[in-house]
Amino acid sequence: MNLPHADSDKPEDPEALLAGGLRGTTPAFEARFDALRRRLASEPTHRTLLERLVGTVRGHRVFAGATLAGALVGCAAAVLLWSRSREAIMLREEQRWYADVLAWDDSLRDGAVLTDAEARETLFNMPLEAHGGGS
Amino acid sequence: MVLTRGTAPSPACAIPAQVWSWLAALTEHVDLGAVDSGLDTRDLADSEAMRRLAAGDSRALRPIFDRWKLPLLSYFYRALASRADAEDLALVVFERVYRSASRYRPEAPFAAWLFGIARGELLHELRRRRRKPLEPVAPAELAEVGGDLNHAAEIEEHLLAALQQLPERQRTAVLLAAAGDLDHAAIAAALGVSVNNYNVILHRARQALRDLFNKVRP
């Protein structure tokens, strides 16, 4: 593709201009590739899953982000569970206290302790001799 | 043993996988140092090179690099309007090719797989970078450029400016179509769309590029 002369009145076709591309690479670029290949060759061939996850820069960021997110979620879940369990414990304690109160109350009713009204009625209904008085 | 091969197949060649397996078996003990020193690297099939890469032989990256460095560089240069950024990204792609070699399936065209990776890296770079001024190369660095070099430099700058205004998918479609290294199916696969959808994208891209280019030109 030869570009038309500046005085040509034919409009240039941009797609035709794209067909050319770059002519070649630079020595610096070739050297960078050789350095890359040597670095890759020096890496151990067997990589653990963790090494593969953090192998690339982007993988490292993703892994770090996922770990941080997981830690935050874990902490939030732990706090929630702890607060719920405390509520449950306190509720059980309260229920036990109520049960104890009711049991004490029942034992009071079953025992010889009378209310004032019951005591007064009992005294009035007792024989005079029992009162310890009379003429 | 040195294996004499014929012309390297194009990505769209319909050579069965069994033939490649046979070739792979014959070349099991080929010293790839010979490839570096004298053999024509284009003769080494992409799939064979990927098979060796997956086995951990980093020397097999060389023939892939030799075959695809210019198409990749040209694609990135036109998309980013900067040769330096294009070189950085091209090296990232070759490193990704090496690390992903075990996931490559020879049933798929290598060019589609390669440019799928390239497009992914380009999208990542576009999201990351801020708007940068154009850095067109000198006309002498462009293939098939003749005539008035000043005029060529001016046109190159206008072309890059027009390309920057295209949506990324349209830009990729028109760049890969113009390069001629991939067929329509491979480009559609690299874009992640059907062939019909790709044809529509390409048609719109061509129209848009023409309009933008004519608008940018004084």
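Reader: Where in chain B is the place of B:Ala118?

Author: In this predicted model, B:Ala118 sits in helix 6 (residues 110–128) of chain B.

Reader: Why is B:Ala118 called buried?

Author: The relative accessible area of B:Ala118 is 0%, and because buried means under 20%, B:Ala118 counts as buried. Leaving aside its neighbours within four places in sequence, B:Ala118 is in contact with B:Leu72, B:Tyr75, B:Phe76 and B:Val93. The C-alpha atoms of B:Ala118 and B:Phe94, which are 24 residues apart along the chain, are separated by 9.1 Å.

Reader: What makes B:Glu168 buried or exposed, and in which helix does B:Glu168 lie?

Author: B:Glu168 belongs to helix 8 (residues 168–179) of chain B. Its relative accessible area is 15%, and since the limit for a buried residue is under 20%, B:Glu168 is therefore buried. Once neighbours within four places in sequence are set aside, B:Glu168 is in contact with B:Tyr75, B:Arg119, B:Leu122, B:Leu123 and B:Leu126.

Reader: What is the phi of B:Ala81, and where does B:Ala81 lie?

Author: B:Ala81 has a positive phi of about 60° although it is not a glycine, whereas most residues other than glycine have a negative phi. B:Ala81 is found in the loop between helix 4 and helix 5 (83–99) of chain B.

Reader: How do you know whether B:Ala81 is buried or exposed?

Author: The relative accessibility of B:Ala81 is 1%, and because buried means under 20%, B:Ala81 counts as buried.

Reader: Why are helix 4 of chain B and helix 7 of chain B called roughly perpendicular to each other?

Author: Helix 4 and helix 7 (residues 149–165) of chain B pack at an angle of about 80°, and their axes are 7 Å apart. Because angles of 65 to 115 degrees count as roughly perpendicular, that description applies to helix 4 and helix 7 of chain B. On the side of helix 4 of chain B, the contact is made by B:Tyr77, B:Arg78, B:Ala79 and B:Leu80, and on the side of helix 7 of chain B by B:Glu156, B:Leu159, B:Leu160, B:Leu163 and B:Gln164. By class, this contact has six nonpolar, one polar and two charged residues.

Reader: What makes a set of residues a nonpolar core, and which residues have the most contacts inside the largest one?

Author: The residues of such a core are buried, are of kinds such as Ala, Leu or Phe, and are joined through side-chain atoms within 4.5 Å. The largest nonpolar core has 69 residues, and those with the most contacts inside it are B:Met50, B:Leu53, B:Ile64, B:Phe76, B:Val97 and B:Phe115. Helix 4 (residues 61–80) of chain B gives the largest share of this core, with 11 residues. Apart from its neighbours within four places in sequence, B:Met50 is in contact with B:Ile64, B:Val97, B:Ala101, B:Tyr104, B:Phe110 and B:Trp113.

Reader: How many helices and strands does chain B have, and what share of its residues is buried?

Author: Chain B has 10 helices and zero strands, and buried residues make up 51% of its 218 residues. Of the contacts in chain B with a separation of 6 or more, 70% are between residues 24 or more positions apart. Chain B exposes about 10200 Å², of which carbon and sulfur atoms supply 52%.

Reader: How many helices and strands are there in chain A, and what share of its residues is buried?

Author: Chain A has six helices and zero strands, and buried residues make up 13% of its 135 residues. Chain A exposes about 10700 Å², with carbon and sulfur atoms supplying 62% of it.

Terms used. Residues numbered from 1 in each chain as written. Chains lettered and ligands numbered in written order. Heavy atoms only, no water. Buried < 20%, exposed > 50% of the residue type's maximum accessible area, 1.4 Å probe, protein only. Helix = DSSP H or I, 4+ residues; strand = E, 2+ residues; numbered from the N terminus. Contact = heavy atoms within 4.5 Å. Axes fitted to C-alpha atoms, helices over the stretch in contact; angles between N-to-C directions. Parallel < 35°, antiparallel > 145°, perpendicular 65-115°, else oblique. Nonpolar A, V, L, I, M, F, W, Y, C, P; charged D, E, K, R; others polar. Areas by Shrake-Rupley, 256 points an atom, 1.4 Å probe, with all protein chains shown as cover.
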